Amino acid sequence: MTPVSAPGAGPGRYQEWLRIAVEEAEAGLASGGLPIGAALIGGDGRVLGRGHNRRVQDGDPSAHGETAAFRNAGRQRSYAGTTMVTTLSPCWYCSGLVRQFGIPRVVIGEARTFSGGHEWLAENGVEIILLDDPECVRLMSSFIEVDPGLWHEDIGGDGDP
């Protein structure tokens, strides 16, 4: 699948979209969850959906930031031209969602604290824009330091730091 660029997509626009995901991550943290946020952006640059990780709040292990944004976007006839924006490299579950629905581009805030499936996505034709955003790194690094057990639970670990 050849990625289709959203109008005006580029570094400035990616940072604008990332700001939405960061707001969601901060909302997730403020409500007792993990600071991971996401937004699904339409081919025309409109925000289709946004959300944050709600695994803790909802007791739902599948309530990741990307899946929340995807669900909040509602049904789309096609995902051609869309962009998934996330504060953190998407896990394998969320990477599978991107591939399943043919989302052609993923903008990632950071992959220092966790490197999920973004390299696999790139190998399979998804355009990956890794911003290495200091705010995203700070959010996750601080969270992992404060609650390593919950972090390990979130990434499917055994809960031990």
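1. The 13 residues of H6 (residues 134-146) should span 18 Å at 1.5 Å a residue, and the end C-alpha atoms are 18 Å apart, which agrees. The expected span is 1.5 Å times one less than the number of residues. Helices (H or I, at least four residues) and strands (E, at least two) are DSSP runs, numbered from the N terminus.

2. On the basis of the numbers: this is a predicted model, in which local features need pLDDT of at least 70, side-chain atom pairs count only at pLDDT 80 or more, and totals for chains, interfaces and linings use all residues. Residues are numbered from 1 along each chain as its sequence is written, and side-chain values use heavy atoms, with hydrogens and water left out.

3. The buried residues of H6 are Cys-136, Val-137, Leu-139, Met-140 and Phe-143. They cover an arc of only 165 degrees around the axis, which puts them on the same side of H6; the arc is that of the directions from the helix axis to the C-beta atoms. Buried means under 20% relative accessible area, exposed over 50%, and partly exposed in between (1.4 Å probe, protein chains only). Pro-134, Glu-145 and Val-146 are exposed, on the face of H6 turned away from its buried side.

4. The packing partners of the buried H6 residues are helix H1 (11-30), strand E3 (83-88), strand E4 (105-110) and helix H7 (148-154). Contact here means heavy atoms within 4.5 Å. Within H6, Val-137 has a relative accessible area of 12% and is buried. Beyond its neighbours within four places in sequence, Val-137 is in contact with Glu-110, Arg-112, Thr-113 and Asp-132. Ile-103, 34 residues from Val-137 in sequence, is 24 Å away in space, C-alpha to C-alpha.

5. The start of H6 deserves a look. Asp-133 caps the N-terminal end, with a side-chain oxygen 3.1 Å from the backbone nitrogen of Glu-135. Asp-132 lies in the loop between strand E5 (127-130) and H6. Asp-132 is not a glycine, although its phi is positive, at about 50 degrees. With a relative accessible area of 33%, Asp-132 is partly exposed.

6. The largest cavity holds about 100 Å³ of space. Of the 13 residues that line the largest cavity, Ile-36, His-64, Leu-88, Cys-91 and Asp-154 are the closest to its centre. Helix H3 (65-73) and H7 each supply at least two residues of this lining. A cavity is a set of points, on a 1 Å grid over the protein atoms alone, where a 1.4 Å probe fits but cannot get out, and lining residues have an atom within 4 Å of a point. Grid points are joined across faces, edges and corners, and a volume is the space filled by probe spheres set on the points.

7. His-64, one of those lining residues, lies in the loop between helix H2 (55-58) and H3. Its relative accessible area is 9%, so His-64 is buried. A polar atom of the His-64 side chain lies 3.2 Å from the backbone oxygen of Pro-61. Not counting residues up to four places away in sequence, His-64 touches His-52, Asn-53, Arg-55, Cys-91, Tyr-93 and Cys-94.

8. Glu-66 in helix H3 counts as buried at 5% relative accessibility. The side chains of Glu-66 and Thr-86 are joined by a polar contact of 2.8 Å. A polar contact is a pair of N or O atoms within 3.5 Å; within protein, one must be able to donate a hydrogen and the other to accept it, and residues adjacent in sequence count only if both atoms are side-chain atoms. Not counting residues up to four places away in sequence, Glu-66 touches Ala-38, Met-84, Thr-86, Leu-88, Pro-90 and Cys-94.

9. His-118 is placed in helix H5 (residues 118-123) and counts as buried at 8% relative accessibility. The side chains of His-118 and Ser-89 make a polar contact (2.7 Å).

Note on methods. 1 Å grid on protein atoms, 1.4 Å probe; cavity = no way out; pocket = protein on both sides within 12 Å on 5 of 7 lines; lining within 4 Å.
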